[in-house]
Amino acid sequence: MSDSTILAARNLTKEFRGFFAVSDVDLSVIRGSIHALIGPNGAGKTTCFNLLTKFLSPTRGTITYNGKDITSYSPADIARLGLVRSFQISAVFPNMTAMENVRIALQRARGDSFDFWRSDKTLRQYDHRAEELLHEVGLEQFAETPAEELSYGRKRALEIATTLALDPEMLLLDEPMAGMTQEDIERISSLIRRVAKDRTVLMVEHNLSVVSDLSDRITVLARGQVLAEGTYDEVSKDERVVEAYIGSGHD
Amino acid sequence: MTEAGLMERTGDAATADMVLKVRDLHAWYGESHVLHGIDFDVREGEVVTLLGRNGAGKSTTLKTIMGILAKRKGSVVYKGEELINQPSRQVARRGIAFCPEERGIFASLTVEENLYLPPQVSQGGWDVDRIFELFPNLRERLSSQGTKLSGGEQQMLAIGRILRTGARLLLLDEPTEGLAPVIVQQIGSTIARLKQEGFTIVLVEQNFHFAAKLADRHYIVDQGRVVDVIPGEEVEARMEDLHAYLGV
Amino acid sequence: MANQVETIATDLPREKGAGMPRHHLIIFVVLAAALLVAPFLLYPIFLMKVLCFALFASAFNLLLGYGGLLSFGHAAYFGMASYVSAHAAKVWGLPPELAILCGTAIAAVLGLVFGALAIRRQGIYFAMVTLAFAQMVYFFSLQAPFTGGEDGIQAVPRGTLFGLFNLADPETLYFFVLAIFFFGILIIYRIIHSPFGQVLKAIRQNEPRAVSLGYRVNQYKLAVFVLSAALSGLAGATKAIVFQLASLTDVYWAMSGEVVLMTLLGGMGTVFGPMVGATIIVTMQNYLATLGDWVTIIQGLIFVVAVLLFREGVVGVLAKRFRKPL
Amino acid sequence: VDVTIGVLNDRSGLYADLAGEGSVVATRMAIEDFDAESKDINVEVLSADHQNKPDVGSNIARQWIDTESVDVIVDVPTSSVALAVNEVVREKDKIFLASGPATSDLTGKACSPNTIHWTYDTYSLANGTGKAMVQEGGDSWFFVTADYAFGHALERDTQAVVEEAGGKVLGNVRHPLSSSDFSSFLLQAQASGAKVIGLANAGGDTINSIKQAAEFGIVQAGQSLAGLLIFSTDVAALGLETAQGLVLTNAFFADRNEDTKAFAERFKERHGKNPTMVQAGVYSSVLHYLKGVEATGSDEASKVMEWMKANPSNDPIFGEASVRKDGRHMHDMYLLKVKSPDAAQGEEDYFELLATIPAEEAFRPIEDGECEMAKQ
Amino acid sequence: MFELIGIPPQALFGQLLLGLINGAFYAVLSLGLAVIFGLLNIINFTHGAQYMLGAFVAWMLLNYLGLGYWWALLLAPVIVGITGVILERTLIRRLYHLDHLYGLLLTFGLALIFTGVFKQLYGVSGLPYRAPELLSGGYNLGFMYLPNSRAFVILASVVVCFGTWFMIEKTKLGAYLRAATENPTLVSAFGINVPLLITLTYGFGVGLAAFAGVLAAPIYSVNPIMGENLIIVVFAVVVIGGMGSILGSILTGFGLGLVEGLTRVFYPEGSAVVVFVIMALVLLVKPAGLFGREI
Ligand SMILES: Nc1ncnc2c1ncn2[C@@H]1O[C@H](COP(=O)(O)OP(=O)(O)OP(=O)(O)O)[C@@H](O)[C@H]1O
Ligand SMILES: Nc1ncnc2c1ncn2[C@@H]1O[C@H](COP(=O)(O)OP(=O)(O)OP(=O)(O)O)[C@@H](O)[C@H]1O
Ligand SMILES: [Mg+2]
Ligand SMILES: [Mg+2]
């Protein structure tokens, strides 16, 4: 494993009562790259994400992040190391405004979140940064809208803004474009490209044009195992991948 | 758009063969008024899509037709019968089936139970073998808890489930969301096949490339209204308009 | 169907800019003024009972309304604190302020132990674990010699506050209790409207997301649990001194139920709701006591009506009407 | 003079039937019989439910005294509540006429110059029933005891009496308050082989124990049951079929003489049921109190109390009786046996008199009570 | 013969049998509660009062109409079930979309009303109810005398529990019910009459409570407060079994009866708290109860 590897998994395996959702997956993500994880439905991509962020405990295998073995860390501690994920089904704080959603993340990064004796006026210091982040994802005019009332696509955008607020070293995005209009997809794509400049991104995505456009490297999972790995051009020519995932009709 | 305008565009050949006529549909979530008068028509055996930006009111339209939204107004005529005041179970009994965007797989039921859950409303539904042929993943996981399926598998289950019922009008809300390209293709051909078999389909889609190949007509929804209609054959010619509407 | 208490929370988004909103300040000032003149108009002992329960309900609401955790065993902290403070005052002869402190401390310790175990469970199971612990505390109170079984600890001396104020005088006692009440309420208010309070809100609304942002949610839940238990203890300990009695009633599960009722009736997740709810219930118990069987029937009717008509609680309904968090 | 009487008892729980509204009825009857109006004594009656909780009870007592100027609190049929009220009344220097509670501590450790314990106590119950059973040959005992202070006291007092009379106690089992199933405890009692199973519990617990003992054929198999605290309402709930043969001690039963019969009849007209000993005791205590007010022309506690202790009470319930220095009202107690359904005449004819226990014998000697006042 | 901590095995058998009989009550009661919770998401605090109603209806049938135990066993659950249906239609229905808390509060209020009214009408001392001819008497099993009325409880309870379990877990009806609990809107949109389904379920759960009440009438006294203390224990049983798990509540009901029976022998004072100790232990080890599905 070289210095350039930021996140690596060895023999990652997850068994659900005899069913191997992920088995013996080896994965290494190079620092500063955008790495895509693709594969048919049920291939184990979300499960992999859950394992890497410890939302599930692996049955077997090790995970190293920045050379440190994090296999036994708690999910919160992993996030604190700068490895932050988003969810496949959108995850916002529904009764808080978009602004408050982002602020919660900023607050964590600053570490005053245990102060129960201080007034929450102190949180205003984050407003400026929060506005910037909302602007980046195109939600500036929804700053005071409760997240619950945002449409699906906008919730996804908000989720990304919240994730960015932590200024993570590495992002794990689970289908960030699902349910978005073309317009939004383009905006979020360019956003991801921009934020990925000094970060590492691992993402699951079914939208192949997004994948081909953004990713430096692709790992294809099928039935819980790595089927192929390489650049988009390499992978998309692999017959097994075409058969299992891409299909014939794609342009 | 006025009724006259709409008629003109859909070709007012004979309103008689319209299986579904939606007129001036309004709906509210609590106090917030979301649909401001939706109009559209579907003929027997057609596939039409509702296109529009996030939050335009597409899903709400389907839910309102289904009778799910408590507060609604206007007219939904299916095969000559007014449904606007019917409870949703009656709407379903008329042969309309709905596949929601959040999929609605039941956690307390196994995959198999989920699949068999909706009662058959008429003859001609698919049998399960045919569903498994289309979505082989499901067969393997029959005894799993429904929500333990992956996101995409849940989507397959949700679609498979309503094919069984024999409903002739299918309301599909983003059926391809989160599915692998191969499966999207399969669903595309399935919809085409359903159309051949005489099913009528109203499709809500973000994936315009997918929708474009299938639909007879596209209704553009914006802020709770239908603002334009683009017949399938005019799509190429009106790409500009579409760009403006959807940012495609 | 939602498993979390979230569905009903009147989490109106707050006005832009934090800090105590003007209308809260006004309410607090009016409340303080009213409570200062109240003992000259109303029976002070009754008022003190209201204050103790208002504090108890507010402490409970901190956990339920703001922490999203429904404890069905808060009587344990309230009741145990009242036993300990009664025992400290009567047997150890401690002055009232220290006796109350002892009671509060015990409640905090109990809260820490039980909370650490209970917060690992979710929803209804959390409620049941807390109930189970509370029942054990009840059993302990029934069996332990120092609690006096069903007779309770009687004739607790009220003592002299700081060696200066004789609390046998009802008026002095009243102002002492009032001071404790305001102290408790302001702490709760501050906790709710603090950076910590914001995190609680987030955790309650979407726990996995909060975890993914790096929050160690269990620590926050435990912290709010302990704070709530300690403040409930403060209320219970004070009650023992006021009424010169600590009894099984205060540790029985019905008391845990009562505080839930007070909170819901007033409006959970609102600052002022629990106080209103406690006032309504205590008043009802006080003035309906002569009616015998009818009390239970009337109480039952009130609950039914409240659930059907003002689900968000009295204050919750008002908050909605005025579109302001109260 | 204006006097306010507060009837404080259980109006919705376990003891609502044996005290409850009936005690208020008894109070009003006493006022009418005394003819307060014509004597220019203006009597007001308040009533409240103490829910068998000491905090509720003491609270009401305090509030009554502070805001309603209540002079005397009567009844209070739960020991723990009575002890709490006892403290409040002492602190506020009013009068407490305790007809309902059982605990003999009211004239013992907790005795107070402001309290008269009127109708019965754990000692008299234990003494009456315990002694009688041993004398009839029931010399080995097993207790089924409610696991709370009152049950413990009843067991302790009875054990002392049994042992003094030459019997012995083979064991006990303590059941949680308000159990519904006693079969397990009864089986343990049966297995002990004791001749007498002493039920040191009350209310629903006693009823269920007796009922289930019948179900398991315990009495047929040769053991006897001794209910240590049984009221006529309990017998009604059991039905004579099940309760027949049960031996118990009581301070009052309707068929004792013409006076009691007449009183019971009048009470029944108003309340629909015969009075229990607690309700009868309330009548008796209120009557004596009012006489005291009339005689002293005052509602001041110490004066009235002094008069009440100095002069004998006289009423249809207990006949002539007196109040001892420690606050014990001294009257005869009755050892009763529940009739069989065949022997009963009329609806509420339950009891057959086995023996009259004279007052001096029925109650604990004053010197054994650890009461400070007794020593002066 | 050996002795077990001072108890001869003979006596122990007796105690275990008694425990099992109590367990039979817990099983039927917790089953009703679990059905209602599992399928309606309502924590039915009125359950205790409805158990009491069952006993009272049996008593009334006997005293006013001269209909005995066997009729009561059939009619009381139906009558009380109908009152349940009315409650559901008029009141409980309005709460499904809300948190559990509200259902709990409403049913708690209803329980207060029922209990209060019956106290007002019949007092709290209880009314006698005699077992029918067929069930009076009993068998001497050698180690104990087993009254017929109690033996019958076990039989009746096993039959009812099994029948209910089968209906809910193994039939289509059960699948509808479970689905309707999760997402009633969608199930309606499949063409199913969800409101009717739910009403009948509530009526059925309530009927189970009443059935237990009838079984209890000849054994315990018929008393307005007979359900008051039971409800919280039964609720604990449901939780230990795993909320909403039908099989869990049945097995736990019987199991807990046994454990409680043993406690009554070895540490009788603790028999009221043992269920809570078990509940705490179980929940700390198995987050969703013995048979519950983890969230
Ligand atoms: N908790 C669980 N218990 C049992 N099986 C599970 C569980 N979670 C996931 N699975 C199974 O593991 C497999 C992989 O699921 P996963 O969610 O990782 O797929 P995915 O690759 O993300 O698919 P999609 O693209 O459809 O989201 C699926 O077949 C799923 O049914
Ligand atoms: N439960 C709800 N409560 C209040 N408002 C809602 C709710 N659901 C949707 N809305 C609002 O109704 C409008 C229409 O929503 P709808 O879900 O129909 O949009 P859509 O066209 O399907 O969008 P998308 O492509 O994002 O799914 C949006 O503005 C949305 O914010
Ligand atoms: Mg996935
Ligand atoms: Mg939509």
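Contact here means heavy atoms within 4.5 Å. I keep that in mind while I look through this model, which is a predicted one.

**Entry 1: chains that stay apart**

Chain B and chain C do not touch, and I noted 11 Å between their nearest C-alpha atoms. Chain A and chain E have no contact joining them either; their closest C-alpha atoms are 13 Å apart.

**Entry 2: where chain B meets chain E**

Next I turned to a pair that does touch. How many residues of chain B are in contact with chain E? I found 23 residues of chain B in contact with 18 residues of chain E. Together the two chains bury about 1800 Å², and 62% of that lies on carbon and sulfur atoms.

I then looked for charged partners. The rule finds one salt bridge across this interface. Glu113(B) and Arg178(E) form a salt bridge, with their closest N and O atoms 2.9 Å apart. I also noted six residue pairs in polar contact between chain B and chain E, both residues of each pair being at pLDDT 80 or more.

Which helices of chain B supply at least two residues each to the side that touches chain E? They are helix 3 (88–93), helix 4 (111–116) and helix 7 (151–163). Helix 3 of chain B gives the largest share, four residues. Sorting this side of chain B by class, I get 14 nonpolar, four polar and five charged residues.

**Entry 3: the nonpolar cores**

Now for the inside. The largest nonpolar core has 366 residues, and Leu170(B), Phe181(C) and Met279(E) have the most contacts inside it. Helix 2 of chain C, residues 44–66, gives the most to this core, with 18 residues.

I picked Leu170(B) to follow up. Setting aside neighbours within four places in sequence, I see Leu170(B) in contact with Ala97(B), Ile162(B), Leu163(B), Leu194(B), Phe199(B), Thr200(B), Ile201(B) and Val202(B).

**Entry 4: a serine in chain D**

My last stop was Ser80(D), which sits in helix 3 of chain D, residues 79–92. Is Ser80(D) buried or exposed? The cut-off for buried is under 20% relative accessible area. Ser80(D) has a relative accessible area of 3%, so I count this residue as buried. Leaving out residues up to four places away in sequence, Ser80(D) touches Asn52(D) and Pro54(D), as well as Glu150(C), Asp151(C) and Gln154(C).

How values were computed: Residues numbered from 1 in each chain as written. Chains lettered and ligands numbered in written order. Predicted model: local features only at pLDDT ≥ 70, side-chain atom pairs only at ≥ 80, totals over all residues. Heavy atoms only, no water. Core = buried A, V, L, I, M, F, W, Y, C linked by side-chain atoms within 4.5 Å. Buried < 20%, exposed > 50% of the residue type's maximum accessible area, 1.4 Å probe, protein only. Buried area = accessible area lost by both parts, 1.4 Å probe. Salt bridge = Lys/Arg side-chain N within 4 Å of Asp/Glu carboxyl O. Polar contact = N/O pair within 3.5 Å; in protein donor to acceptor, adjacent residues only side chain to side chain. Nonpolar A, V, L, I, M, F, W, Y, C, P; charged D, E, K, R; others polar.
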